[in-house]
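Subject: Structure handover

Hello,

My notes come after it.

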Amino acid sequence: FVPDLLAMGAYRPTQKGRGQLVVMNTGSGNCEYREHEFDACLATPYGVGTLFTCDDRFAFNPFKLVSTPGPRTILGPGEQLVFELEFTAPAIQAALGRDSYYARLMVMLFDPNSSALRFVAPPGGVGRGVNVRAESAVPLVTVDPGAIDFGLVRTDCASEVRQVRVRAEGP
């Protein structure tokens, strides 16, 4: 996959963001795209790492695939399959004003040269890694003053210097 991890960034609740994951044929022969799995994932801290549990049966998935290649698409050497994703930021559940969401896209390809099916999975292998992440966040900052009015200033003339203070209110 290009990129290995699609980090879509942080969005205010109800905002939407889009991104793309690309599968590239780096081999010298053709591949045939067969199908994909796209699952929501739950992250659980485990020791010094994170354990991801992914399943398409989770009741809530803020990600959706908005564009996928057609089945049986032939992927020649150096060619790409593009999967377009959309994230809709849900309401914040965390006290810190930020929630993280994860998903996993896996693709099944058929190699006609070896008559073998092959899963293309995120780093970590089939059933282990995630390759999509986004956050729902509310900025915990204050800005003082809330607005600045410079009045009328002639072209090529300097206005009065004004100061703006941005203060972080949370972690």
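Below are the conventions, then the findings, from the whole chain down to single residues.

**Conventions**

This is a predicted model, in which local features need pLDDT of at least 70 and side-chain atom pairs count only at pLDDT 80 or more, while totals for chains, interfaces and linings use all residues. Residues are numbered from 1 along each chain as its sequence is written, and side-chain values use heavy atoms, with hydrogens and water left out.

**Whole chain**

The chain has 0 helices and 12 strands. Helices (H or I, at least four residues) and strands (E, at least two) are DSSP runs, numbered from the N terminus. In sequence order the pattern is β-β-β-β-β-β-β-β-β-β-β-β.

The radius of gyration is 22 Å, whereas a compact globule of 171 residues would come out near 16 Å. That radius is taken over C-alpha atoms, and the globule rule is 2.2 Å times the number of residues to the power 0.38. The C-alpha trace spans about 75 × 45 × 30 Å along its principal axes.

Of the 171 residues, 32% count as buried. Buried means under 20% relative accessible area, exposed means over 50%, and partly exposed is in between (1.4 Å probe, protein chains only). The chain exposes about 11,000 Å², and carbon and sulfur atoms supply 51% of that area. Accessible areas come from the Shrake-Rupley method with a 1.4 Å probe; for residues, only the protein chains shown count as cover.

Now the contacts (heavy atoms within 4.5 Å). Taking those between residues at least 6 apart in sequence, 67% join residues at least 24 apart.

Charges: there are 16 positive and 18 negative side chains. The centres of the two sets lie 3 Å apart. Lys and Arg count as positive, Asp and Glu as negative; His and the chain ends are not counted. Each charge is placed at NZ of Lys, CZ of Arg, CG of Asp or CD of Glu.

**Cysteines**

The structure holds 1 disulfide (a pair of cysteine sulfur atoms within 2.5 Å). The disulfide joins Cys41 to Cys54, with an S to S distance of 2.0 Å. The link between them is right-handed, at 105° about the S-S bond. Cys41 sits in strand β3 (residues 31-46) and Cys54 in strand β4 (residues 49-55), 13 residues apart.

How exposed or buried are the cysteines? Cys41 is buried, at 7% relative accessible area. Cys54 is buried too, at 15%. Cys31 is buried, at 16%. Cys157 counts as partly exposed, because its relative accessibility is 45%.

**Two residues to look at**

Phe87 lies in strand β7 (residues 80-88). Phe87 counts as buried because its relative accessible area is 0%. Leaving out residues up to four places away in sequence, Phe87 touches a list of residues including Met8, Tyr11, Pro62, Phe63, Tyr101 and Ala134. Ser136 is also one of its contacts. Phe87 and Ser136 are 49 residues apart in sequence, yet 9.6 Å apart in space, C-alpha to C-alpha.

Asn113 is in the loop between β8 (98-111) and β9 (116-120). Asn113 is exposed, at 64% relative accessible area. Setting aside neighbours within four places in sequence, Asn113 is in contact with Gly29 and Asn30. Asn113 and Met24 are 89 residues apart in sequence and 17 Å apart in space, C-alpha to C-alpha.

**Backbone points to check**

Most residues other than glycine have a negative phi, and most peptide bonds are trans. Here are some exceptions.

- Val2 and Pro3 are joined by a cis peptide bond, with omega about -5°. Pro3 is in the segment before β1 (6-11).
- Asp144 and Pro145 are joined by a cis peptide bond, with omega about 0°. Pro145 is in the loop between β11 (141-144) and β12 (165-168).
- Thr14 has a positive phi, near 80°. Thr14 is in the loop between β1 and β2 (16-24), and counts as exposed at 65% relative accessibility.
- Arg72 has a positive phi of about 65°. Arg72 is in the loop between β5 (63-67) and β6 (74-75), and counts as exposed at 51% relative accessibility.

Best regards
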